[in-house]
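Keep the structure open while you read.

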Amino acid sequence: MEIAISPHLLASANDYVAAAAVFPMRANNYVIEELIDWSRAPDDPIFRLVFPQPDMLQHDQLQVIKNAMDRDSSRIEMRDIVEGIRNLLNPHPANQKQENVPHVNGQPVEGMQHKYRETCLFFPTEGQYCHSYCTYCFRWAQFTAVGSDQQFQSKDVQQLVDYIKENRDLTDILFTGGDPMVMHAHQFSRYIDAILADPGTEHLGTIRIGSKSLSYWPYRYVTDPDSQEMLGVFEKIVKSGRHLSIMAHFSHPVELASPAVQEAMRRIRNTGANIRCQAPLIRGVNDQASIWAEMWRKQTRLGAIPYYMFVERDTGAKHHFEVPLARAYEIYKEAVSSVAGTARTVQGPSMSASPGKIQVVGITTVPTASGPEKVFVLRFLQARNPAWTKEVFFAKFDENASWLSDLKPAFGEKEFFYESQYRELVQRPGSSGQLFPLTGSMVARV
Ligand SMILES: *Cc1c(COP(=O)(O)O)cnc(C)c1O
Ligand code: SF4
């Protein structure tokens with residue numbers, strides 16, 4: 001295939017090469033040929049989604065790399081420069097490496113996070129990369145540090161099953177990564193078979209798979225050699241009397257347009273699985289209400305369920321991608337009010353912060369004794385302490401704030417209602433940060 005690349009892009013090609021030296025980059029022919037409109041690059045949304053952008057680096061960082069390229073630096077020198085810059089970018093937001101990791105007999109359970117009582121995350125070893133990489137990914141440490149302690153992962157099937165059995169409040173397990181759908185069907189079914197075979201996991205009602213495969217490689221379910229086998233595993237889950245939910249990651253309506261993705265969605269739904277859709281709001285990729293409205297309409301039409309709109313996390317090159325909370329709320333409100341109720345199932349904009357998932361519910365002005373005060377209305381969609389869920393609270397309005405850490409309590413309060421409890425909880429010696437009773441003998445330290 002011939003690709004006509006825009007002259008604007010060619011003019012700055014070196015900057016893109018420099019950015020790709022720092023940020024992991026991966027794209028396949030489906031993304032390159034069917035999703036990116038090269039005549040629109042560098043402004044094309046999918047180009048921005050998969051090609052590391054020069055502005056993700058500070059100007060001087062970019063310059064250092066370009067200079068090193070110009071003088072043909074040795075690989076070792078280049079590696080040191082790149083690693084120096086990577087180390088300045090925080091790859092694990094919201095204290096994920098310390099908190100949320102459950103313990104069995106005092107030992108951390110590898111490859112697992114359990115932050116909310118009903119749902120735990122599992123990171124299978126074989127699923128620690130993706131079909132293509134998103135520029136904003138906060139998991140890239142996983143991809144650049146294979147085998148190091150930056151990786152969450154596990155292949156311990158028995159430990160997974162034991163953990164489920166011992167935690168009777170768990171109703172959902174979410175396979176995540178990377179992307180679990182990069183696994184071969186027989187690798188994935190190893191985990192599933194073990195869960196389904198054990199009568200002690202009956203309380204687990206829902207298996208979720210977090211995946212970008214529908215967007216980046218829909219052939220996974222259509223023509224890949226193990227596509228039928230994977231769909232067979234999905235059917236097996238449904239036949240066990242459980243709900244299977246594919247948590248599909250769609251960032252832009254163009255990802256829902258190809259015959260391949262529509263066929264893949266049809267096949268997945270034919271297994272009895274549901275598809276729920278989620279994505280972060282990313283500047284320059286999908287920061288317009290019309291984009292989200294179109295995406296939710298298309299998803300609903302294709303039988304999928306819009307689920308979450310996320311605020312870009314406080315990590316890495318956030319400065320490049322961030323959309324202020326006030327603007328995120330405007331986009332959400334405008335988009336949601338232009339679609340029918342069947343497509344209004346999406347919760348957002350939501351910050352996955354350390355205390356929990358916090359939604360911006362509204363912006364309003366409240367009369368107080370010292371005059372009217374403009375505030376953000378916030379609430380927990382998910383919380384470390386289940387009792388905080390749906391609790392509404394208020395922050396001073398700030399049009400530039402883009403994360404929870406930028407927000408101050410409204411009405412002269414010193415801190416948000418949950419903060420003292422949260423502090424107590426994370427400071428408790430040996431705590432892994434949950435604030436709900438984990439059941440069962442395996443959990444020694446919470
Ligand atoms: C979002 C999320 C979940 C799932 O939450 P639901 O509201 O049940 O979809 C589970 N664990 C973590 C850490 C999450 O961020
Ligand atoms: S699909 Fe998710 S995990 Fe994979 S690169 Fe994109 S953001 Fe990262």
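## Rings and cores

Ring pairs tie F380, W388, F393, F416, F417 and Y418 together into a cluster. Keep in mind that this is a predicted model. Here's what else turns up when you go looking for rings and nonpolar residues.

**Ring pairs**

- The count of aromatic pairs comes to 29.
- One of them is W217 with Y219, an edge-to-face pair with 5.0 Å centre to centre and 70 degrees between the planes.
- W217 and Y219 are both buried.
- Y221 and F234 have ring centres 6.2 Å apart and planes at 45 degrees, so this pair counts as tilted.
- That pair links distant parts of the chain, 13 residues apart: Y221 is in the loop between helix 10 (213–216) and helix 11 (227–239), while F234 is in helix 11.
- Both Y221 and F234 are buried.

**Charges over rings**

- R190 lies over the face of Y191, 5.3 Å from the ring centre.
- K212 does this with Y216, at 4.8 Å from the ring centre.

**Nonpolar cores**

- The largest nonpolar core has 100 residues, and F175, F188, L214, F234 and W296 touch the most other members.
- Domain 1 (7–86) and domain 2 (96–337) both give residues to this core, so the core lies between them.
- Leaving out residues up to four places away in sequence, F234 touches M181, F188, I209, Y221, L244, I246, I268 and T271.
- There's also a second, separate core of 23 residues, with V311, A353, F376 and F393 among them.

Technical notes. Residues are numbered from 1 along each chain as its sequence is written. Chains are lettered from A and ligands numbered from 1 in the order in which they are written. This is a predicted model: local features need pLDDT of at least 70, side-chain atom pairs count only at pLDDT 80 or more; totals for chains, interfaces and linings use all residues. Side-chain values use heavy atoms; hydrogens and water are left out. Rings of Phe, Tyr and Trp (its six-membered ring) pair if their centres lie within 6.5 Å; planes under 30 degrees apart count as stacked, over 60 as edge-to-face and the rest as tilted. Buried means under 20% relative accessible area, exposed over 50%, partly exposed in between (1.4 Å probe, protein chains only). Helices (H or I, at least four residues) and strands (E, at least two) are DSSP runs, numbered from the N terminus. A charge sits over a ring if NZ of Lys or CZ of Arg is within 6 Å of the ring centre and within 35 degrees of the ring normal. A nonpolar core is a set of buried Ala, Val, Leu, Ile, Met, Phe, Trp, Tyr and Cys residues joined through side-chain atoms within 4.5 Å. Domain bounds come from an automatic or database domain assignment. Contact means heavy atoms within 4.5 Å.
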